[in-house]
Amino acid sequence: MKSIHMKSISKPKSKSKSKKRMATILHLVQRGRVKLLSTFFPCFLPKSKDYEPPQAAPREKPSAPQQQQQQQGLCGEALLLASQLRGEIFHLPNLWKVFAEWPLAANQHAKRLESLVDTMLERIITNERKLKALKQADFARLISLWYPDAEWPELEMATAYSVWIFVWDDEVDAGDTDVSNDEALARAYYQNSLSTVRRLLGLDPSKRGQEKEPEDRALLTNMALFSDVGYAMRSATDIVQRERFFREMENFMVQVGVEHGHRMRGTIPSLDKYMEIRSGSVGCAPQIAITDYMLKIRLPETIMECAAMKALWNETVIICLILNDIYSVQKEIAQGSLFNIVPVMFKNCGREKQSLDRVSYEIEVALQESMKRFEDAVISLGETASTDEQLSKDVQSFIKWCRYFITGVLQWSLESRRYGMAKCRHEDGSLSIVL
């Protein structure tokens, strides 16, 4: 852990034996801590080839750029890939041309949301540098774009959830926390968090009546905002809705764990495998699962579980995944993560076609194909609900929200200081992103 690997303070030679004993004690304490975590919080992730331990291999002395990348936590395939991409320019067209017919709007409470977001961040973030960066990200703008028609009570819950999931995810993938640099700690973090989510949603029969009590005071600060989410959802949704939300949260945390394992070992999966993992770890599906709550509607399970709804849900996730990845790639590589669709496509497109221009082209194609499947699902879902006027109206509201969700991600990603795309943007809306 980072807290253990501190620079030594020089001491007189007469104290060298004491220094060695102290180093040995610290090492044993660290080993004991990890062992206890593994004992009390056994890994709940599925065992698969994604968690095979890496094999040691002889290494050549790294070059200066490689040493810099290793300091960022890069290793294995990711280190080699980073050396290939370092300093290269990733060009993107103006994607608003692709989404020109889709709606974009902001909530009337946009200004009020800014104060709410800042207050929530101050509740759970104590590090001043991180707090400043998170405030500059302007999550209030994103939430305003996602829910332009929502009323204030629903916005409060959506804000608590959205701020929480950004902060929760950063703890794992920012690369500057103990959890992000230790798989045993990360597994404990996922399992404790998931257990707390389940309890706060009122889905743990053994903890009925204890929904507001923290299970683990070490997680209280991190999970404080989710207690707001749990209370709101217990008050306004039925158990089927909460169970669906929980399943999506569980998949999100499991896939974040798989992604974290790839980052720790520096492995780059195939594109298909990447899309499978990232569709969960991007965190969009749980957000979609609260849509009926936000719209104050209740679609019947025959609609929620039909093939057309699942297709709409899936394509919404894929489009948002692609948009999130392409605009965050610069930030993620800088933080030591190559687990992003741009590097993954680059590695998997073959040596003869391996170029960032090729990646840009393939991303445009993937977006257009996903949008076509999205529109097919819209038609099918509309036909399914056509015999009931109120149901048809509610379904159309759900579809419209999915469009808002996507255009909100697009617009906010271009504006937010979190990704710094304003510095990469040309007058025609295209981007040149230095990796």
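Helix α16 (residues 341-348) is mostly covered, with 6 of its 8 residues buried, where buried stands for under 20% relative accessible area, exposed for over 50% and partly exposed for anything in between (1.4 Å probe, protein chains only). Helices (H or I, at least four residues) and strands (E, at least two) are DSSP runs numbered from the N terminus. This is a predicted model, in which local features need pLDDT of at least 70 and side-chain atom pairs count only at pLDDT 80 or more, while totals for chains, interfaces and linings use all residues. Residues are numbered from 1 along each chain as its sequence is written, and side-chain values use heavy atoms, with hydrogens and water left out.

The buried residues of α16 are Ile341, Val342, Pro343, Val344, Met345 and Phe346, and they pack against α3 (76-85), β1 (89-92), α11 (271-281), α15 (307-334) and α17 (356-384), contact being taken as heavy atoms within 4.5 Å.

Elsewhere, the axes of α4 (residues 110-124) and α7 (residues 152-173) come within 10 Å and cross at roughly 45 degrees; axes are lines fitted to C-alpha atoms, for helices over the stretch in contact, and angles run from 0 to 180 degrees between N-to-C directions. The two helices, α4 and α7, are therefore oblique to each other, a class left over once angles under 35 degrees are called roughly parallel, over 145 roughly antiparallel and 65 to 115 roughly perpendicular. Residues of α4 including Leu113, Leu116 and Val117 meet residues of α7, among them Leu155, Thr159 and Val163.
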